[in-house]
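Have the sequence and the 3D view open as you read.

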Number of protein chains: 2
Amino acid sequence: MRQQEVFKAMADPTRRAILKRLQAGSLTAGEIGAAFAITSASLSHHFNVLKRADLVRTERRGQHIVYSLNSTVFEDLARVLLDLFPSRNQPGAKS
Amino acid sequence: MRQQEVFKAMADPTRRAILKRLQAGSLTAGEIGAAFAITSASLSHHFNVLKRADLVRTERRGQHIVYSLNSTVFEDLARVLLDLFPSRNQPGAKS
DNA sequence: GTAATAATTAGATATCTGTCTAATTATCTA
DNA sequence: TAGATAATTAGACAGATATCTAATTATTAC
């Protein structure tokens with residue numbers, strides 16, 4: 001996991017909202033964009049950030065690009081956070 | 001939890017390193033700063049961001065300010081992330 | 001009170017980032 | 001091939017942010 005890229009990606013509310021929408025299943029760029037009051041160019045910028053962080057995967061379907069969550073990165077991220085718990089610090093755990 | 005503040009706070013590598021150091025227990029500002037090649041003024045800036053996000057708590061001890069983790073926020077944050085899992089989506093869960 | 005130490009705040013600055021408009025690429029259909 | 005639609009890329013720009021130096025506040029020790 002590219003930790004820095006992932007944290008940066010999660011730091012923007014629009015991107016978190018995009019991820020939330022993808023929770024229910026894959027969506028095209030247009031379908032996602034319909035929910036936001038920004039241009040498709042700005043949307044593309046956010047998609048790029050999410051892709052660089054490997055939080056989403058893409059697949060072209062005709063004219064459309066379909067986006068879907070890559071849930072393994074969320075797992076990794078959650079693990080990193082839980083790892084910061086002082087109480088649950090396990091001696092042998094890899095940091 | 002101030003979600004936006006927390007995510008922003010976590011997006012900087014220096015701040016994540018500060019949190020990591022606090023995992024082992026409370027430390028004074030000076031003790032934390034010894035590990036970083038930035039000025040104490042810059043460190044104070046990072047402390048402020050972490051405090052605003054409620055990720056750390058402070059207490060004055062004489063001349064020193066002692067910092068410690070507020071682990072409940074990490075719990076909340078991890079929960080938010082796990083909540084984004086498509087598979088583990090629980091119907092009744094509060095988002 | 002004065003000096004020394006710890007830490008913060010104030011103010012400046014360079015870089016990063018989210019947004020926009022305009023132009024470009026890719027695909028579909030007639 | 002031409003036109004329409006979907007999406008991205010290029011380039012500009014305003015606002016946010018990480019850093020610095022200098023000044024200030026808080027505490028301790030003499």
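What covers the buried residues of H4(A)? The cover includes helix H1 (3-10), helix H2 (13-22), helix H3 (29-33), strand S2 (56-61) and strand S3 (64-69) of chain A. This is a predicted model, and every value below is computed from it.

**The fold of chain A**

Chain A has five helices and three strands. Read from the N terminus, its elements run α-α-β-α-α-β-β-α. Of the 95 residues in chain A, 24% are buried. Take the contacts in chain A with a separation of 6 or more: residues 24 or more positions apart account for 54% of them.

**Helix H4 of chain A**

H4 of chain A covers residues 40-52, 13 residues in total. From first C-alpha to last, the helix reaches 18 Å. That is close to the 18 Å expected at 1.5 Å a residue.

The buried residues of H4(A) are A:His46, A:Phe47, A:Val49 and A:Leu50. They sit on the same side of H4(A), because they cover an arc of only 160 degrees around the axis. A:Ala41 and A:Asn48 are exposed on the other side of H4(A). After the helix comes A:Asp54, which has a positive phi, near 65 degrees.

Is A:Ser44 partly exposed or buried? A:Ser44 lies in helix H4 of chain A. It has 13 C-beta neighbours inside 10 Å, so A:Ser44 counts as partly exposed. A:Ala29 is 15 residues away from A:Ser44 in sequence. In space, the two are 8.2 Å apart, C-alpha to C-alpha.

**The DNA-facing surfaces**

Turn now to the DNA strands. The table sets out the two surfaces.

| DNA strand | Residues around it | Nearest residues | Element giving the most |
|---|---|---|---|
| DNA strand D | 25 residues | A:Gly30, A:Ala41, A:Ser44, B:Ala41, B:Gly62 | H4(A), six residues |

Start with DNA strand D. A:Ser44 is among the residues that come nearest to it. H4(A) gives the most, with six residues. By class, the surface near DNA strand D has eight nonpolar, 14 polar and three charged residues.

Which elements each supply at least two residues of the surface near DNA strand C? They are H4 of chain A together with helix H3 (29-33), H4 and strand S3 (64-69) of chain B. The surface near DNA strand C divides into eight nonpolar, 14 polar and three charged residues.

**How the two chains meet**

A rotation of 180 degrees, with 0.0 Å of shift along its axis, superposes chain A on chain B. The RMSD is 0.0 Å. That is the relation of a two-fold axis. In chain A, the C-alpha nearest the axis belongs to A:Ala78, 2.5 Å from it.

**Helix H5 of chain B**

H5 of chain B covers residues 71-82. Its 12 residues should span 16 Å at 1.5 Å a residue. The end C-alpha atoms are 17 Å apart, which agrees.

B:Val73, B:Phe74, B:Leu77 and B:Leu81 are buried in H5(B). They cover an arc of only 100 degrees around the axis, which puts them on the same side of H5(B). What do these buried residues pack against? Their partners are H5 of chain A together with helix H1 (3-10) of chain B.

Note on methods: Residues are numbered from 1 along each chain as its sequence is written. Chains are lettered from A and ligands numbered from 1 in the order in which they are written. This is a predicted model: local features need pLDDT of at least 70, side-chain atom pairs count only at pLDDT 80 or more; totals for chains, interfaces and linings use all residues. Helices (H or I, at least four residues) and strands (E, at least two) are DSSP runs, numbered from the N terminus. The expected span of a helix is 1.5 Å times one less than its number of residues. A residue is buried if 20 or more other C-beta atoms lie within 10 Å of its own, exposed if 12 or fewer, and partly exposed in between; C-beta atoms are placed from the backbone. The arc is that of the directions from the helix axis to the C-beta atoms. Two residues are in contact if their C-beta atoms, placed from the backbone, lie within 7 Å. Copies are superposed by least squares on the C-alpha atoms of residues with pLDDT of at least 70 in both. A residue is near a molecule or strand if its C-beta atom, placed from the backbone, lies within 6 Å of it. Ala, Val, Leu, Ile, Met, Phe, Trp, Tyr, Cys and Pro count as nonpolar, Asp, Glu, Lys and Arg as charged, and the others, Gly among them, as polar.
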